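Subject: Structure handover

Hello,

Here is the structure you asked to take over. My notes on what was found follow below it.

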Amino acid sequence: MCRNITELRGLEPAATEDEIEAAARQYVRKVSGLRTLSEASREPFEAAVAEVTASTRRLLATLPPRRQPPKTEPPLRRLAHSAATA
């Protein structure tokens with residue numbers, strides 16, 4: 001499950017708040033099965049994203065450094081890199 005969520009630990013520079021939130025949003029979308037949000041699902045969905053984002057931020061702050069960087073770059077960095085070279 002969630003094979004497409006990019007590893008954030010060990011990035012240089014460190015994962016940004018936007019990258020952490022994007023990963024959290026993707027995770028919550030996957031486990032909830034929601035692709036589009038209704039009025040009834042928006043508030044619980046966004047609350048879950050906020051909780052997962054906060055938990056991820058704390059986890060990344062407490063883990064020891066990696067010996068090697070992750071094998072893939074987060075999607076937001078890939079987009080920024082593509083835009084910079086275009």
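A salt bridge here is a side-chain nitrogen of Lys or Arg within 4 Å of a carboxyl oxygen of Asp or Glu. By that criterion Arg25 and Glu21 form one, with their closest N and O atoms 3.1 Å apart. Please keep in mind throughout that this is a predicted model.

Overall layout

The chain has three helices and zero strands, so read from the N terminus the order of elements is α-α-α. Helix H1 covers residues 17–32, while helix H2 covers 39–62 and helix H3 covers 75–85. The C-alpha trace spans about 40 × 35 × 20 Å along its principal axes.

There are 86 residues in the chain, and 21% of them count as buried. The chain exposes about 6,600 Å², of which carbon and sulfur atoms supply 54%. Among contacts in the chain with a separation of 6 or more, 71% are between residues 24 or more positions apart.

Salt bridges

The structure holds four salt bridges. The pair already mentioned, Arg25 and Glu21, sits within helix H1, where the two residues are four apart, about one turn of the helix. Glu21 is partly exposed, at 31% relative accessibility. Glu21 and Arg25 also belong to a network of salt bridges together with Glu46.

Another salt bridge joins Arg66 to Glu7, the closest N and O atoms being 2.3 Å apart. This pair links distant parts of the chain: Arg66 is in the loop between helix H2 and helix H3, Glu7 is in the segment before H1, and 59 residues separate them. Arg66 has a relative accessibility of 30% and counts as partly exposed. Glu7, with a relative accessible area of 44%, is partly exposed as well.

Arg57 and Glu17 form a salt bridge too, with their closest N and O atoms 2.7 Å apart. Arg57 lies in helix H2 and Glu17 in helix H1, so the pair ties together parts that are 40 residues apart in sequence. Arg57 is partly exposed, with a relative accessible area of 37%, and Glu17 is partly exposed, with a relative accessible area of 38%.

Side chains that reach a backbone nitrogen

Glu19 is in helix H1. Is Glu19 buried or exposed? Its relative accessible area is 5%, and because the cut-off for buried is under 20%, Glu19 counts as buried. The side chain of Glu19 reaches the backbone nitrogen of Thr16 at 2.8 Å. Apart from its neighbours within four places in sequence, Glu19 is in contact with Leu8, Leu11, Ala14, Pro74, Leu76 and Arg77.

Ser41, in helix H2, has a contact of this kind with Ser38: the side chain of Ser41 reaches the backbone nitrogen of Ser38 at 2.9 Å. Ser41 has a relative accessibility of 14%, which is under 20%, so Ser41 counts as buried.

Two further points

A cis peptide bond joins Glu12 and Pro13, with omega at about -5°. Pro13 lies in the segment before H1.

Tyr27 is found in helix H1. The C-alpha atoms of Tyr27 and Arg9 are separated by 16 Å, and the two residues are 18 apart along the chain.

If you open the model, the pairs to display are Arg66 with Glu7, Arg57 with Glu17 and Arg25 with Glu21.

Regards

Technical notes
Residues numbered from 1 in each chain as written. Predicted model: local features only at pLDDT ≥ 70, side-chain atom pairs only at ≥ 80, totals over all residues. Heavy atoms only, no water. Buried < 20%, exposed > 50% of the residue type's maximum accessible area, 1.4 Å probe, protein only. Contact = heavy atoms within 4.5 Å. Areas by Shrake-Rupley, 256 points an atom, 1.4 Å probe, with all protein chains shown as cover. Polar contact = N/O pair within 3.5 Å; in protein donor to acceptor, adjacent residues only side chain to side chain.
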